[in-house]
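Have the model open beside you and follow along topic by topic.

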Amino acid sequence: MRFGVQLFGVAEQSKNQQDKLFQHLHKSGYRHVEPCVAFGEMDGFEKIIWSEEELKTFMPALEKHKLGVFSCHVFAKNLLSVLPRLSDLVCQYKLTDVVVPCPDYETKGEYEQEASILSAVADALCSVGARLLIHNGSAELLKHIDGISAYEWLARNSGDHVGMQIDVGWLAYAGEDVESFLWRNKDIIHSIHYKDVRGDHTQYSETQCNAVIGDGIIPLTACFQFARAQGISQIVDQDMSDGDILDDLALVYQRISSLTNTREYTDSELCILDTQTGEVKIVYQTQGIIEAPNWLRNGDMIFNGEGHLYRMDCKSAAVMQIDTGTCDQCNNDHVISPDEKFIAFSNNDSDGSRIYMLPITGGEPICVVNEPHSYLHGWSPDGNELSYCAFRSVDDEMKVDIYTASIHGGDEIRITDGIGYNDGAEYAPDGKSIWFNSTRSGLMQIHQVACDGTEQKQMTTSNANNWFGHVSPDGKQVVYISYRKGELDPAEHLPNMQVSLWIMDANGNNQRKLLDLFGGQGTINVNSWNQDNRHIAFVQYRLNHK
């Protein structure tokens, strides 16, 4: 996933050691920054807040180190008076969010006056494509208006174009239940700042409370789960450090990015989608994770969960585990043979994923692709070959390409040419071509290639990351899953995100969205079409939270 850094804590380095700082941030994994920008004189803050001119001066260095700027934290004594300049800044740098600090007032009347100003500013910024977000401290969380915190009251009474940028550290410091606060305000939270504190306001002063993110009291996993589920901007805000703040930022990136595949407190819903009407029917629900349904001709479904494969009876919804012998780490790459007598699957062995097959009723599997780091996706219509993506060293460089191999043994055949990250290899029903997804054009897009590796062509060109093109049994339609651009790197397909299912004709025409859902990894990793060429099976997820 893509994370940003608030530059307040490294303001001195951002002014005096730009190349070193920006290079370090990109090397650590960060992909954007949020600067603080002053409009006019801000007494005492000249060393830690950029001026408008400094922002313009520093942008080339940010571009050099591939760090984007999508939001700015703005400081001005009179927002309305600087609104034209602020609007110009939004247009010049294509900002999506303008952030202002929440004021600390004493009376409701003062907050009402501020709400009127923020509403006018937000409406103007909306007209040039940006949102206005209010960033919280702690003081306005400890004050209350009409039964809620002054911060919440201001955000909810400043018009439809004002939202929240939540600093979770100050939430915890003010004594709020962070997870509950996030979810009860989910409709207006558009950005999250990761900050951490040693304890709350009854234990530490504001100048003594800061901790390295992950060492304090914030529920980091719960905050991340919320931000990922909502698809909002995630920004690290390490204000200070007892050691080297650059080392702290590198450590914090590792801590947060390590959470990208976490699926704690997630339940699963196996669903059927009518691609013509859009109707969704939930046919099975369970605690924990199930993934990647296959749909058999008799209506039964096969899916994986907790390292095992399961078969669900279409009439009773009874679920039975399939005996996979010594393979007990089956992942979400499993396909059914054309005659439905066998199932092939990828199993996460100790040194990487290998491909196995066994009778569909279960038994001891045999290894078909012994080279590790191989991920199955397709079975040829004649029943003789499997298609898969694999990590292989080619000319001393690791490449992720599409391969095929006979189920009867022999050498694997490399189909794609080492350009980009290639995955999701699935045969067309006529057996003449393979559908796959690739980053060869930048974003992840759906492609098609002849089975001999010739005639490669791109089938989608949308401004999104599109994965796993699944062809209908009659070969006329293709369903795929789409991630929003900018939320993750193109080669990532992560779980528990806001995604969409799309459909198109097999020639690439008539692309249309079927539905939005909470899913991603595990939703449709394998072909899940029904034989009626109308319905597909998929898995959506539900995150349990406070």
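E340 has a relative accessible area of 21%, so E340 counts as partly exposed (buried is under 20% relative accessible area, exposed is over 50%, and partly exposed lies in between, with a 1.4 Å probe and protein chains only). This is a predicted model, in which local features need pLDDT of at least 70 and side-chain atom pairs count only at pLDDT 80 or more, while totals for chains, interfaces and linings use all residues. Residues are numbered from 1 along each chain as its sequence is written, and side-chain values use heavy atoms, with hydrogens and water left out.

- The loop between β22 and β23 is where E340 is found (strands are DSSP runs of E with at least two residues, helices are runs of H or I with at least four, and both are numbered from the N terminus).
- E340 is not a glycine, yet its phi is positive, at about 60°.
- An open sheet is formed by 4 strands in the order β22-β23-β24-β25, with antiparallel pairing (two strands pair if DSSP finds at least two bridges between them).
- From one strand to the next, the twist averages 35° (axes are lines fitted to C-alpha atoms, for helices over the stretch in contact, and angles run from 0 to 180 degrees between N-to-C directions).
- Within the sheet, β23 (residues 342-349) and β24 (residues 352-359) pair in the antiparallel sense over 8 bridges.
- A344 has M357 in β24 as its bridge partner.

**Helix α2 and its two neighbours**

- Helix α2 (residues 18-28) packs with helix α11 (residues 245-257) at an angle of about 20°, and their axes are 9 Å apart.
- That angle is why α2 and α11 are described as roughly parallel to each other (angles under 35 degrees count as roughly parallel, over 145 as roughly antiparallel, 65 to 115 as roughly perpendicular and the rest as oblique).
- On the α2 side the contact is made by K20, L21, H24, L25 and S28, and on the α11 side by L246, D247, L249, A250 and Y253 (contact means heavy atoms within 4.5 Å).
- Sorted by class, the contact of α2 with α11 has 6 nonpolar, 2 polar and 2 charged residues (Ala, Val, Leu, Ile, Met, Phe, Trp, Tyr, Cys and Pro count as nonpolar, Asp, Glu, Lys and Arg as charged, and the others, Gly among them, as polar).
- Helix α2 also meets α3: their axes come within 9 Å and cross at roughly 40°.
- This angle makes α2 oblique to α3.
- The crossing of α2 with α3 is right-handed.
- Q18, D19 and F22 of α2 touch F58, A61, L62 and K64 of α3.
- The contact of α2 with α3 divides into 4 nonpolar, 1 polar and 2 charged residues.

**Helices α4 and α5**

- The axes of α4 (residues 83-93) and α5 (residues 108-126) come within 10 Å and cross at roughly 35°.
- This crossing of α4 and α5 is right-handed.
- From α4, L83, L86, S87 and V90 meet V121, A124 and L125 of α5.
- The contact of α4 with α5 has 6 nonpolar, 1 polar and no charged residues.

- In helix α10 (residues 220-230), 9 of the 11 residues are buried, so α10 is largely enclosed by the rest of the structure.
- Among the buried residues of α10 are C223, F224, Q225 and R228.

- K66 lies in the loop between α3 (52-64) and β5 (68-69).
- Phi of K66 is positive, near 55°, in a residue other than glycine.
- K66 counts as exposed because its relative accessibility is 62%.
- H201 sits in the loop between β13 (196-197) and β14 (210-211).
- With 35% relative accessibility, H201 is partly exposed.
- H201 touches L142, Y173, A174 and G175, not counting residues up to four places away in sequence.
- The C-alpha atoms of H201 and S138 are separated by 8.6 Å, although these residues are 63 residues apart along the chain.

How values were computed
Left-handed = near helix turned anticlockwise from the far one by under 90°.
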